[in-house]
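The sequence and the model are displayed below.

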Amino acid sequence: MKKLTAILLVLFLVLPALCGCGSVFEKEYVSITEYTPPIPAENRSDERITVHSMNELKRALIAMVYDGAPGGSIAFDSNYDGNPAEDMESACWQVRTQDALCAYCVRNMSYELEKIVNYYESSIHIDYASYASELSSIVQLPYTVGIQDILSSAMEDNQAKVTVLINASSYSAENMRSLVQEIYRKSPTICVREPKTTVYMYSGSGRQRLYEINFNYGMAEDEVIRSKSQLKNLDVISNLDAYDLDDAHRAYAACRYLVNNCVLSEAAPGSCYDALILFESNSEGLALAYVEMCHQLDLDCRIVYGQFNGEDHCWNIIRLDGSYYHVDVSRCYDGDYAAGFLLDDESMWNEYRWNISSYPACVGTLRFDTVIEDEWALTGESELPSAEPVSDEE
């Protein structure tokens, strides 16, 4: 009996030291029971992630967000390099502020930290913004290469919003908005009218950027679809009978078509749709319509945004036989095509102003009166054929 009492006394004194729980005289003790992890939330993986450092901890939290998980369980290795309590608080803050996707969609990231014998375990709870359900539709790119195709597809499909996460980007929100504008002006039938674009940018560490790009097409979706169908199905080129002409005469035929079929009004809206479907537009609409017609004729053409006599004004620059020329369809409405067709830079400076660094120099030597007017007269035709306006019903 004395031997049993002595053994129990030794165990009583030695056991706390072995458990690392301090002195029995400080009223500390350990109750060892089998650990049962909490019941996982819906869609949460039962598998716990074990981390060994702060970097691994942040990567684990980011992975949860990228997977769209409502949370998860993280175990700190018994030899974890750092202070789990301090690192957990810091990691949640860093992830929400230094990763673009997390900054975009995470409203709050909370956690519970529990010590399990000789290691710590944390239960993570992630509160997402309402649009987080769209995480699967976010486009991810390593660089900005390909962003133009993504925006073009979104506009072609009449999408109201596209969200793009780029790992390395130098684009600002304004750069992205300007890119949308550039896409439309190069392909004016991609939308009925130029969409009003709002861009929200979220930054991560380094050059990581997330862009939420919103398009406002200015009309109901069914109207957008109907109007775009009209524009896409319109074939004005077949009315020009210009297939056997050289490039200069093709460009002239397109110019005459617009003069004969579209009313010029600076008070009217300015789009390809207004000029080719509604037959009334301002100088911007004429210039955009001319871009589309030249593209269908396999001619290099772009729109110019500048000023005419101090007022905002649009016209075109076309490329013929390797040289560039100005074409201002709106100046041809009084019948004086020489005033607006095949002009060089020097002849434009008296009345026009534009950013010369944004456009090619126009120094070609072709002129309307020598290349178009005289040669067209030799064909025996008094004027180019012009198509009758096509009604909506047709």
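This is a predicted model: local features need pLDDT of at least 70, side-chain atom pairs count only at pLDDT 80 or more; totals for chains, interfaces and linings use all residues.

Residues are numbered from 1 along each chain as its sequence is written, and side-chain values use heavy atoms, with hydrogens and water left out.

**Strands and sheet**

Helices (H or I, at least four residues) and strands (E, at least two) are DSSP runs numbered from the N terminus. Two strands are taken to pair if DSSP finds at least two bridges between them. An open sheet is built from 5 strands in the order E14-E13-E12-E11-E15, with antiparallel pairing. Its edge strands are E14 (341-343) and E15 (352-353), each of which pairs on one side only. Within this sheet, strand E11 (residues 300-308) runs antiparallel to strand E12 (residues 311-320), and 9 bridges join them. Cys301 has Ile318 in E12 as its bridge partner.

Another antiparallel pair consists of strand E7 (residues 196-203) and strand E8 (residues 209-216), joined by 8 bridges.

**Salt bridges**

A salt bridge is defined as a side-chain nitrogen of Lys or Arg within 4 Å of a carboxyl oxygen of Asp or Glu. By this rule the model has 10 salt bridges. The table lists examples.

| Glu121 | Arg48 | 2.4 Å |

The salt bridge of Glu121 and Arg48 links distant parts of the chain, 73 residues apart: Glu121 lies in strand E4 (residues 119-128), and Arg48 in the loop between helix H1 (2-19) and strand E1 (49-51). For accessibility, buried means under 20% relative accessible area, exposed means over 50%, and partly exposed lies in between (1.4 Å probe, protein chains only). Glu121 counts as buried because its relative accessibility is 3%, whereas Arg48 counts as partly exposed at 36%.

Glu156 is partly exposed at 35% relative accessibility, and Lys232 is partly exposed at 39%. In the remaining pair of the table, Glu194 has a relative accessible area of 28% and is therefore partly exposed.

**A negative patch and a further pair**

Asp246, Asp247, Asp298 and Asp321 form a negative surface patch. Patches of charge are made of residues with over 30% relative accessible area and no salt bridge, like charges being joined within 9 Å. Asp and Glu count as negative, and the place of the charge of Asp is taken as CG. Asp247 belongs to helix H8 (residues 247-261) and counts as partly exposed because its relative accessibility is 32%.

Asp345 is located in helix H11 (residues 345-348). With 15% relative accessibility, Asp345 counts as buried. Its C-alpha atom is separated by 9.9 Å from that of Pro360, which stands 15 residues away along the chain.

Terms used:
Patches are made of residues with over 30% relative accessible area and no salt bridge: like charges are joined within 9 Å, nonpolar side chains (Val, Leu, Ile, Met, Phe, Trp, Tyr) within 5 Å. Accessible areas come from the Shrake-Rupley method with a 1.4 Å probe; for residues, only the protein chains shown count as cover.
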